[in-house]
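Subject: Structure handover

Hello,

Please find the structure below. My notes on it follow.

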Number of protein chains: 2
Amino acid sequence: MKKLINDPMNVVPEALEGMAKAHPDLIKVHFNPNFVYRADAPRPGKVAVISGGGSGHEPMHVGFVGYGMLDAACPGAVFTSPTPDQMYEAAKTVHGGAGILMIVKNYAGDVMNFDMAADLLRGEGFQVESVLIADDVAVESSLYSQGRRGTGTTVLAEKILGAAAERGYDLQRLAALGRRVAENGRSMGMALTSCTVPHVGKPTFELGEDEMEIGIGIHGEPGRYREPLKKADEIVERLMEPILNDLPFKAGDRVICMVNSMGGTPLSELYIVYRKVAEICEKSGIQIVRNLVGAYITSLEMAGTSITLLRADDEMLELWDHPVKTPALRWGM
Amino acid sequence: MKKLINDPMNVVPEALEGMAKAHPDLIKVHFNPNFVYRADAPRPGKVAVISGGGSGHEPMHVGFVGYGMLDAACPGAVFTSPTPDQMYEAAKTVHGGAGILMIVKNYAGDVMNFDMAADLLRGEGFQVESVLIADDVAVESSLYSQGRRGTGTTVLAEKILGAAAERGYDLQRLAALGRRVAENGRSMGMALTSCTVPHVGKPTFELGEDEMEIGIGIHGEPGRYREPLKKADEIVERLMEPILNDLPFKAGDRVICMVNSMGGTPLSELYIVYRKVAEICEKSGIQIVRNLVGAYITSLEMAGTSITLLRADDEMLELWDHPVKTPALRWGM
């Protein structure tokens with residue numbers, strides 16, 4: 001295992017210490033329980049938007065804390081759900097008196113622990129809503145999830161809902177918007193290589209030298225199938241066909257498109273992927289009106305890519321364009 | 001070789017096609033000769049800032065084209081200098097009548113080909129100045145360079161000089177500022193793994209399973225030494241000591257610090273590196289006043305990191321904070 005780490009057990013807290021040192025203008029870090037929160041929290045009168053999940057997917061979620069996106073993010077151990085006390089303490093730290101919206105990826109541990117935190121908070125009189133992201137079309141249920149896994153749409157949801165909260169949406173309106181985003185986003189990913197969880201010390205799975213896995217999960221969970229490595233254009237077709245047919249996306253749809261690195265894939269290859277995604281969308285009459293190309297929801301150093309399409313309406317697009325200022329996503333300010 | 005590519009010979013043009021599709025608001029791409037240029041070029045009365053170099057280091061340079069940074073970037077084949085006609089045609093396309101500043105990394109092919117382009121342009125009456133970046137303290141000369149290699153300071157120079165050009169600096173003032181940036185920046189990198197040039201098809205070098213290389217070049221050129229893999233904090237000490245002693249940086253200095261991924265290293269590990277860099281700077285009385293943590297000058301999928309420190313004066317810092325809007329670096333707009 002070759003990694004730039006000290007003690008495999010300290011990867012998460014040390015990375016958080018580094019983040020705190022790098023971005024004191026944007027974020028603060030609370031330890032024990034661990035959460036990252038906006039430096040200017042709490043924001044009175046604003047719904048607090050909170051997410052979290054296992055570490056190892058950076059920049060998601062901790063890199064998306066700041067103006068126009070998350071109020072707090074709760075990082076678990078690598079590939080391990082955060083515990084309820086993290087979300088509970090984060091919510092109590094950042095809430096502004098207008099309720100709490102939780103954005104939860106559909107993994108059993110995440111769902112259970114966010115639910116427990118929500119119950120604790122409701123018991124103390126807080127209003128809490130949650131939005132569940134289950135956008136991965138690869139498999140109908142998986143190692144760690146009942147139902148579809150939550151992947152790339154989470155990034156887009158955090159941007160859009162963060163902007164809406166900034167603009168003063170109340171909790172119910174925000175939750176309704178969040179469910180609409182969740183319903184209209186679809187993703188699928190693939191891997192060229194495995195990743196290695198630091199405290200495990202060996203690759204999560206094995207792939208042959210000429211093999212790839214289509215439909216991989218962000219923790220290395222099994223996908224749909226393995227096959228010999230193909231050209232990028234063919235790989236994109238294998239990802240786009242299930243994505244497009246699922247919603248289904250139709251001619252005339254406007255979409256926000258994310259071409260994401262699983263961690264170890266260079267930017268040049270992502271643009272080769274984007275080139276084919278754009279070509280397929282053009283042929284299908286689907287208009288990509290906004291895009292992200294880069295590493296946004298990763299699986300440590302895994303090589304591979306995932307594609308996310310979100311069918312966006314005017315409201316979502318206007319919120320997408322709202323300024324954002326976080327360690328990992330920034331525009332308009 | 002596992003990559004998301006089609007034909008190894010088409011990696012660069014296909015990635016450029018993807019970039020053009022993804023960022024039509026920011027950039028245009030010219031093929032044969034290949035260069036990326038600002039969508040709103042030429043900008044009359046502004047010095048045109050041009051850079052370029054071998055591909056495989058993305059986002060540098062093509063990802064830094066746009067408002068507040070480069071007017072054009074000329075990508076060579078992977079790890080291969082661009083040819084003079086690329087810089088010549090790029091300059092003629094984007095020049096705004098106020099001269100051309102070339103930012104050149106110190107590799108023999110780059111220096112020769114930028115010089116030839118400059119001569120051609122001067123022959124046609126253009127004013128051309130160039131700034132040479134030779135900031136890598138690892139080795140005093142290398143496989144592809146006489147004198148030190150040019151690495152991370154290039155990114156910072158492109159940001160600062162791009163802002164200055166936007167603010168109306170004339171060519172001589174811009175070139176003088178560029179030389180000051182070049183003189184005050186120092187970098188050093190290390191690798192955990194090799195990378196594979198697509199059209200070569202096999203790793204550029206071999207590293208043992210428990211080995212790392214300190215002082216690696218961005219094309220995999222040999223560094224200072226190899227040794228067994230150490231903890232991140234010790235690795236950072238091995239990079240920071242030569243950097244700090246070279247300028248030398250002193251107590252009271254204010255620096256812009258970049259902790260850069262060589263491509264395959266995840267963000268969480270970069271923050272572990274930044275944590276130690278910040279600690280060493282604090283102990284040395286050096287104040288990190290701005291930072292970049294991410295993948296900015298890469299070597300394809302190589303795992304590893306490089307650290308760049310630039311001793312910054314008020315003018316550089318003000319220019320650093322000037323808005324920028326490029327595919328890879330964006331703030332203030």
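I start with a loop in chain A: A:Pro33 sits between strand S1 (27-30) and strand S2 (35-38) of that chain. This is a predicted model, and every value here is computed from it. The peptide bond leading from A:Asn32 into A:Pro33 is cis, with omega near 0°.

S1(A) and S2(A) run antiparallel and are joined by 4 bridges. Within this pairing, A:His30 stands opposite A:Phe35 of S2(A).

Both strands belong to an open sheet of 6 strands in chain A, ordered S1-S2-S4-S3-S5-S6, with mixed pairing. S1 and strand S6 (128-133) of chain A are at the edges; each has a single partner strand, so one side of each has no neighbour in the sheet. On average, neighbouring strands of this sheet are turned by 20° against each other, direction ignored.

Helix H4 of chain A (residues 153-166) lies across S2, strand S3 (48-55), strand S5 (100-105) and S6 of chain A. Relative to S5(A), H4(A) runs at about 170°.

H4(A) also packs with another helix. Its axis and that of helix H5 (residues 171-184) of chain A come within 10 Å and cross at roughly 155°. An angle over 145 degrees counts as roughly antiparallel, so H4(A) is roughly antiparallel to H5(A). The crossing of H4(A) and H5(A) is right-handed.

Which residues of H4(A) and H5(A) meet? On the H4(A) side they are A:Thr153, A:Ala157, A:Ile160, A:Leu161, A:Ala164 and A:Ala165. On the H5(A) side they are A:Leu174, A:Leu177, A:Gly178 and A:Val181. By class, this contact of H4(A) with H5(A) has 8 nonpolar residues, 2 polar ones and no charged ones.

Further along chain A is strand S12 (residues 304-311). Of its 8 residues, 7 are buried, so S12(A) is largely enclosed by the rest of the structure. S12(A) has these pairings:

- Strand S7 (residues 185-191) of chain A pairs with S12(A) in the antiparallel sense over 7 bridges. A:Ser187 has A:Thr308 in S12(A) as its bridge partner.
- Strand S10 (residues 254-261) of chain A runs antiparallel to S12(A), and 7 bridges join them. The bridge partner of A:Met258 in S12(A) is A:Thr308.

The loop between strand S11 (287-294) and S12 of chain A holds A:Leu300. A:Leu300 is not a glycine, yet has a positive phi of about 50°. Is A:Leu300 buried or exposed? Its relative accessibility is 3%, and A:Leu300 therefore counts as buried.

B:Phe79, in the loop between strand S4 (72-78) and helix H2 (84-94) of chain B, has a positive phi of about 60° although it is not a glycine. B:Phe79 counts as buried because its relative accessibility is 18%, and the cut-off for buried is under 20%. The peptide bond from B:Ala41 to B:Pro42 is cis, with omega near -5°. B:Pro42 is in the loop between strand S2 (35-38) and strand S3 (48-55) of chain B.

Regards

Key
Residues are numbered from 1 along each chain as its sequence is written. Chains are lettered from A and ligands numbered from 1 in the order in which they are written. This is a predicted model: local features need pLDDT of at least 70, side-chain atom pairs count only at pLDDT 80 or more; totals for chains, interfaces and linings use all residues. Side-chain values use heavy atoms; hydrogens and water are left out. Axes are lines fitted to C-alpha atoms, for helices over the stretch in contact, and angles run from 0 to 180 degrees between N-to-C directions. Helices (H or I, at least four residues) and strands (E, at least two) are DSSP runs, numbered from the N terminus. Angles under 35 degrees count as roughly parallel, over 145 as roughly antiparallel, 65 to 115 as roughly perpendicular and the rest as oblique. A crossing is left-handed if the near helix is turned anticlockwise from the far one by less than a right angle, and right-handed if clockwise. Contact means heavy atoms within 4.5 Å. Ala, Val, Leu, Ile, Met, Phe, Trp, Tyr, Cys and Pro count as nonpolar, Asp, Glu, Lys and Arg as charged, and the others, Gly among them, as polar. Buried means under 20% relative accessible area, exposed over 50%, partly exposed in between (1.4 Å probe, protein chains only). Two strands pair if DSSP finds at least two bridges between them.
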